[in-house]
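This report examines a protein model together with its ligand.

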Amino acid sequence: MFLTWLEINKTNILHNIGQFKKLAPHSQIWPVVKSNAYGHGLKEIVAYLSDHDDVGGFMVANLEEALTIKNLTKKPIMVLSYFDLSDHFSLEKVDSQISLPVYDIDTINQLASLNRDFLLNVKIDTGTARLGFSQDQVRSAIDQVEKSKHLKIFSLFTHYAESEAEDQTFSKKQLADFQKITKNYKKYKIHSACTAASISLPLAQSNIIRAGLGFYGLWPSQVTKKRADQLAIDLRPLLSWKTKIVHIKQLKKGDSIGYNRTYRCKDDCQLAVLPIGYNEGYDRSLSNNSAVLISGQRYPVRGNICMNLTMVEIPKSLEVKVGEVVTLIGQDGGEKITVEELADYCQTINYEIVTRINPNLKRAII
Ligand SMILES: Cc1ncc(COP(=O)(O)O)c(C=O)c1O
């Protein structure tokens, strides 16, 4: 029915939640489902986990994402990054299920003036220099919220700059600075741990784990994976990306392939044409620089990736048909293409590969 689709492995979803629970038995596990659940399908993931006992709530980047999942779950939804204060239409839909981030006094005052109840998460900058009250502002910000009739604090949180690194010195300083503030506010939920910090800095686990990349079975770094191995924590990738051959073409030695003729056939060969390109999230830097799996074997991408098409060279002797399944990410027989392999080809990080897969593609939880 679909020419290109993603399969999300539900056994591995449950396995990964279990691993976070094992890692941090006293913390609530909140999957971070921003950016279309790291490309895995926001609505699909939330609907699947909507009443899972070990999921404390869901975390999103913005209010739009929160409103998208509001009717799919009764669990709390935390907006981590931003919302538009002038978008009263959206703010009117916010009730006690959704909590909003604050990191400047002006936003606190404006929310207080709307005469509606809001649940807030006070974001504290301990050195990531992104969003968050500075450490000398935060106490007066909390006072300001506590004075307001309509505003309530749900949590205090911070975010690490390099918790995936070998050297944890800076993360430890961030945690110590965060704790200096939060020790006076034990009545609120306290959280700082993303995937890497929850593994590398156990003291960061506190009340809530913000399980992002690791929830999807991917690693923020090899160092984090090594540390997890030592703790017998094993996370399994959820995502496979598949497509089907739409056309097969015979080419002669010396023929060129695709726009700008960047590849010349070294021998007579066949070309399998795939209905995916950079529009679908198969990055253009994979041109002449990637491989796919067909019937458990690897075959190279040839020529430039187009907007909606990609060409793959297969030997003349291989019997393939239009409609045959091709694996772009995932396992086929004994062969596997990982998100990290594509990230290496693109000289980027695994986060970017998955979040850029076109949200319109079908996601099937299987
Ligand atoms: C504030 C915040 N918390 C948690 C996360 C999850 O991080 P990770 O995917 O590394 O687990 C992110 C991701 O960017 C974030 O911005």
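## Ligand surroundings

In this predicted model, the shell around the ligand consists of Val-32, Leu-80, His-159, Cys-194, Thr-195, Ala-196, Arg-210, Gly-212, Leu-213, Gly-214 and Pro-220. By class, these shell residues comprise 6 nonpolar, 4 polar and 1 charged.

## The annotated lysine

UniProt, in an unreviewed entry, lists Lys-34 under "modified residue: N6-(pyridoxal phosphate)lysine". Lys-34 belongs to helix 2, which covers residues 34–38.

Is Lys-34 buried or exposed? Lys-34 counts as buried because it has 20 C-beta neighbours inside 10 Å, and the threshold for that class is 20 or more. Setting aside residues up to four places away in sequence, Lys-34 touches Met-59, Val-60, Ala-61, Glu-65 and Leu-80. Of these contacts, Leu-80 is also listed among the residues surrounding the ligand.

## Overall architecture

The protein contains 12 helices and 20 strands. Its C-alpha atoms occupy a box of roughly 75 × 45 × 35 Å along the principal axes. Of the 366 residues, 42% are buried. Among contacts with a separation of 6 or more, 64% link residues 24 or more positions apart.

## Domains and their contact

Two domains are assigned: domain 1 (10–230) and domain 2 (239–365). Their centres, taken over C-alpha atoms, are 36 Å apart. Across the boundary, 12 residues of domain 1 are in contact with 11 residues of domain 2.

On the side of domain 1 that touches domain 2, helix 2 and helix 3 (42–49) each supply at least two residues. Helix 2 provides the largest share of that side, with 3 residues; this is the helix in which Lys-34 lies. The side of domain 1 that touches domain 2 is made up of 5 nonpolar, 5 polar and 2 charged residues.

In soluble globular proteins, nonpolar side chains tend to be buried together. Here, the largest nonpolar core has 93 residues, and those with the most contacts inside this core are Val-33, Val-79 and Val-122.

Leaving aside neighbours within four places in sequence, Val-79 is in contact with Val-60, Asn-62, Leu-63, Ala-66, Ile-98, Ser-99, Leu-100 and Pro-101. One of these, Val-60, is also touched by Lys-34.

Terms used:
Residues numbered from 1 in each chain as written. Predicted model: local features only at pLDDT ≥ 70, side-chain atom pairs only at ≥ 80, totals over all residues. Near = placed C-beta within 6 Å. Nonpolar A, V, L, I, M, F, W, Y, C, P; charged D, E, K, R; others polar. Core = buried A, V, L, I, M, F, W, Y, C linked by C-beta atoms within 7 Å. Buried ≥ 20, exposed ≤ 12 C-beta atoms within 10 Å, placed from the backbone. Contact = placed C-beta atoms within 7 Å. UniProt positions renumbered as here; feature names shortened; annotations may be inferred. Helix = DSSP H or I, 4+ residues; strand = E, 2+ residues; numbered from the N terminus. Domains from an automatic or database assignment.
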